[in-house]
Amino acid sequence: MPKVARKEKILEKASGLFRNKGYHGTTIRDISEASGILSGSLYAHIRSKEDLLFEITDRGAEHFLQSVRPIIEGEGDAITKLRKAMVAHVQVITDHLEAATVFFHEWKSLTDERRHMIQTKRDEYEGLWAQLLVEGMNEGCFRKVDEKFARLLILSAMNGLYQWYQPDGEQTPIEVAERYASILLAGLAHREGSAL
């Protein structure tokens with residue numbers, strides 16, 4: 001197996017183990033056995049268990065940023081952007097279910113410098129959603145609401161998806177995101193005669 005493919009397999013197995021056992025509950029031996037590689041040989045591909053955690057969480061942060069940034073910074077009204085951004089966010093989670101779980105739960109296990117790097121990307125990502133909400137309120141598409149709480153509500157609703165979403169379930173990721181968006185917009189979208 002080529003080295004790159006083997007590294008991807010190690011990351012995949014580590015994601016599953018970190019999701020099911022937690023980062024601290026997973027040993028290098030667990031990862032090597034799941035990957036079908038001797039513990040000593042594993043170090044030809046990684047320097048430490050934390051390297052794996054950092055790569056998984058950093059990839060997660062980049063997936064979210066690269067999927068949503070072009071939508072929010074692109075053309076269109078805020079309601080359309082919100083729907084598209086929610087679909088993109090949900091698809092990142094459902095396309096990378098194990099890694100997303102690790103991203104949400106285990107990133108704080110990183111050492112200070114790496115945790116700060118991930119926190120910076122998380123802040124940047126939340127800033128995109130804040131930008132979208134403010135844009136919508138300025139355009140008159142959204143009611144005047146507390147931007148921070150609206151942002152936390154939207155992201156919390158979507159981020160909880162990893163706990164119950166089943167890839168073989170009745171609804172596609174797009175259908176789930178559209179339902180979320182419709183419910184949220186029922187309360188957020190500005191309508192004539194509604195109280196601000």
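**Entry 1: a salt bridge.** I started with Glu8 and Arg59 in this predicted model, and found that the two form a salt bridge whose closest N and O atoms are 2.7 Å apart. I then turned to the domain bounds, and noted that the assignment gives domain 1 as 1–46 and domain 2 as 48–186. Across the interface of domain 1 and domain 2, I recorded that the rule finds 2 salt bridges.

**Entry 2: the interface.** I next looked up how far apart the domains lie, and noted 27 Å between the centres of domain 1 and domain 2, taken over C-alpha atoms. For the contacts I wrote down 17 residues of domain 1 touching 17 residues of domain 2. The size of an interface is often given as the accessible area lost when the parts come together, so I looked that up as well. The area buried between domain 1 and domain 2 is about 1600 Å², and carbon and sulfur atoms give 63% of that area.

**Entry 3: the largest pocket.** Which residues line the largest pocket? I listed Glu8, Leu11, Glu12, Ser15, Ile56, Arg59, Gly60, His63, His96, Glu98 and Ala99, and I noticed that Glu8 and Arg59, the salt-bridge partners of my opening entry, are both in this lining. The space in the largest pocket is about 250 Å³. Why does the largest pocket lie between domain 1 and domain 2? I put down that it lies there because domain 1 (1–46) and domain 2 (48–186) both give residues to its lining.

**Entry 4: the second largest pocket.** For the second largest pocket I noted a space of about 200 Å³ and a lining of 14 residues, of which Arg122, Tyr125, Glu126, Leu155 and Asn159 lie nearest its centre. I found that H4, H6, helix H7 (112–139) and helix H8 (147–159) each supply at least two residues of this lining. Sorted by class, the lining of the second largest pocket holds 8 nonpolar, 3 polar and 3 charged residues.

**Entry 5: the cavity.** How many cavities of 30 Å³ or more does the rule count? I recorded 1 cavity at that cut-off, and for the largest cavity I noted about 40 Å³ of space. Its lining is made up of Gly60, His63, Phe64, Val92, His96, Ala99, Ala100 and Phe103, and the elements that give two or more residues to this lining are helix H4 (49–72) and helix H6 (97–106). Comparing my lists, I saw Gly60, His63, His96 and Ala99 in the lining of the largest cavity and again in that of the largest pocket.

**Entry 6: the overall fold.** Last, I looked up the elements of the protein and found 9 helices and 0 strands, with the order from the N terminus running α-α-α-α-α-α-α-α-α. For the dimensions, I noted that the C-alpha trace spans about 70 × 40 × 30 Å along its principal axes.

Technical notes. Residues numbered from 1 in each chain as written. Predicted model: local features only at pLDDT ≥ 70, side-chain atom pairs only at ≥ 80, totals over all residues. Heavy atoms only, no water. 1 Å grid on protein atoms, 1.4 Å probe; cavity = no way out; pocket = protein on both sides within 12 Å on 5 of 7 lines; lining within 4 Å. Points joined across faces, edges and corners; volume = space filled by probe spheres on them. Helix = DSSP H or I, 4+ residues; strand = E, 2+ residues; numbered from the N terminus. Domains from an automatic or database assignment. Contact = heavy atoms within 4.5 Å. Buried area = accessible area lost by both parts, 1.4 Å probe. Salt bridge = Lys/Arg side-chain N within 4 Å of Asp/Glu carboxyl O. Nonpolar A, V, L, I, M, F, W, Y, C, P; charged D, E, K, R; others polar.
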